[in-house]
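Keep the sequence and the 3D view open side by side.

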Amino acid sequence: MSFQIPRGTVDLMPGEVEKWQYIEEKARELCRRYNFSEIRTPLFEQTELFQRGVGETTDIVSKEMYTFMDRGGRSLTLRPEGTAGVVRSFVEKKIYGEPQPTKWYYIGQMYRYERPQAGRQRQFHQFGIEAFGAVDPVLDAELVDLGWQFIRSVGVSGVKVALNSVGCSRCRPRYREKLVEYLTPYKEELCKDCHTRLEQNPMRVLDCKKEGCQRVTEDAPRMVNFLCEECAPHFETVKESLDLLGVEWYLDTRLVRGLDYYTQTAFEYILEGQGGHAGSLGGGGRYNGLVQEVGGPEMPGVGFALGLERVLLALESRGVDLPLASGVDCFIVSLGDAAKKRSVLLLKELRQMGSTAERDYLDRKMKGQLKAADRASARYVAIVGENELEKNQVVVKEMATGEQNTIQLDKLATYIREACGKGQS
Ligand SMILES: [Zn+2]
Ligand SMILES: [Zn+2]
């Protein structure tokens, strides 16, 4: 019997995983600067949480969830997105009772049963942030900017923010009526999915990617023209603040979040592709009704999620080389049993001083050890033989230049640390 990796999943192998560590560290660093704290919620939750928190009519809930019964007969679902679990935690722990706002971020695996393709896996990763407890439209703009900064800081250029306002429970019903009125005569030109959407969630027809549907909605009424006296100034301030922050954005009136508890700001990070086609790296918006939907009090929220596979794919397609550290600072070559014993201690000293250090574990001869040092991309090789050991010395060779120095054994760790420009740990 031979085993294969499940469809839609990948092993992140050494050589690849360093890129992940790099972009994850960029995300964490940015979140620190914006004063967001990390939250880690379970990979699975009660199925009902996603039905309520993501929405029964969405593709995610109706077609793509990994749902199973556990041995206690409970229906559980692998999280298809990050927000629902975070909101569940916010409500369950009564964080809403504390001084607001609450600013959290997460990085982790999500699961959706979709047809795998480039940038779309069944197990995939998202970096997301959520801010609860403030209606300030400038906060929306700051969050949009945070995500935009993240994308740019890892080296992806040519990304613009598509922006819209989807209104609120006061102004949306009137718009929805107008939209249905407009769409109904064209029903036959809409795709099958949009027939259902027209009844359950007509705004979702606007973001259907099918050509026929796009043609129909081209001249459909726009939500931005129906915003109420609260939503209209909110949207104006978001736009002004984005300009102030220097974010490159454009109005996209087709952009909808499509659920009742999504309100006002909606945005997406759009990547201009080489072929002129645009792809989304992720997006977010305001969800002033979601905390309530999940059993909490009325409490505003705003957030976004970015697909990390897509960010890495964008980096690849743009030929960006990440500045990844690789190779070891010092590889110790030892000859003879006594030297080998001493080299174990030398390695420990090097590592304690903050250098990356390695040795041969297969009792190779001198030549084999030097080859191993080469494979490890060592910057320096330290050679300890019987002679050197007697004199308490070690020969240090810089691999790039071939330059050699003989130094005292107990100075090796300091020497390497300084040569490689490492700080003390
Ligand atoms: Zn409104
Ligand atoms: Zn459609």
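This is a predicted model: local features need pLDDT of at least 70, side-chain atom pairs count only at pLDDT 80 or more; totals for chains, interfaces and linings use all residues.

Q: How do I read a metal site? Which residues are the protein donors of the zinc ion (ligand 1)?
A: Start with the donors, which are N, O and S atoms within 2.8 Å of the metal (3.2 Å for Na, K and Ca); water is not among the atoms, so sites may look incomplete. For the zinc ion (ligand 1) they are the SG atoms of Cys 168, Cys 171, Cys 228 and Cys 231, lying 2.2 to 2.3 Å from it. Their spacing in sequence is C-x2-C-x56-C-x2-C.

Q: Which parts of the chain does the pair Cys 171 and Cys 228 tie together?
A: First, the terms: helices (H or I, at least four residues) and strands (E, at least two) are DSSP runs, numbered from the N terminus. Cys 171 lies in the loop between strand 7 (159-165) and helix 6 (172-183), and Cys 228 in the loop between helix 8 (211-217) and helix 9, so the pair ties together parts 57 residues apart in sequence.

Q: What is the arrangement around the zinc ion (ligand 1)?
A: Ideal angles are 109.5 degrees for four tetrahedral donors. Four donors count as tetrahedral if all angles lie between 85 and 135 degrees. Around the zinc ion (ligand 1) the four donor atoms subtend angles of 100 to 114°, which makes the arrangement tetrahedral.

Q: What about the zinc ion (ligand 2): which residues are its protein donors?
A: They are Cys 191, Cys 194, Cys 208 and Cys 213, each through SG, at 2.2 to 2.3 Å. The spacing along the chain is C-x2-C-x13-C-x4-C. The angles among the four donor atoms run from 106 to 115°, and the site is tetrahedral.

Q: Is Cys 194 buried or exposed?
A: Buried means under 20% relative accessible area, exposed over 50%, partly exposed in between (1.4 Å probe, protein chains only). Cys 194 is buried, at 0%. Cys 191 is buried too, at 14%. At the zinc ion (ligand 1), the donors Cys 171 and Cys 228 are both buried.

Q: How do I read the sides of a helix? Which residues of helix 9 are buried?
A: An α-helix has 3.6 residues a turn, so residues three or four places apart point the same way. In helix 9 the buried residues are Cys 231, His 234, Phe 235, Val 238, Lys 239, Ser 241 and Leu 242. They cover an arc of only 165° around the axis, which puts them on the same side of helix 9. The arc is that of the directions from the helix axis to the C-beta atoms. The face turned away from that side carries the exposed Glu 240 and Leu 244.

Q: How do I read an aromatic pair? How many does the structure hold?
A: A pair is described by the distance of the centres and the angle of the planes. Rings of Phe, Tyr and Trp (its six-membered ring) pair if their centres lie within 6.5 Å; planes under 30 degrees apart count as stacked, over 60 as edge-to-face and the rest as tilted. The structure holds 17. One of them is Phe 90 with Phe 132, stacked at 4.1 Å centre to centre and 20° between the planes. This pair links helix 4 (residues 83-92) with strand 6 (residues 123-132), 42 residues apart. Phe 90 is buried, at 0%. Phe 132 is buried, also at 0%. Phe 267 and Tyr 269 form an edge-to-face pair, 5.7 Å centre to centre with 80° between the planes.

Conventions: Residues are numbered from 1 along each chain as its sequence is written. Chains are lettered from A and ligands numbered from 1 in the order in which they are written. Side-chain values use heavy atoms; hydrogens and water are left out. Four donors count as tetrahedral if all angles lie between 85 and 135 degrees; four count as square planar and six as octahedral if opposite donors are over 155 degrees apart and all others between 65 and 115; anything else is irregular.
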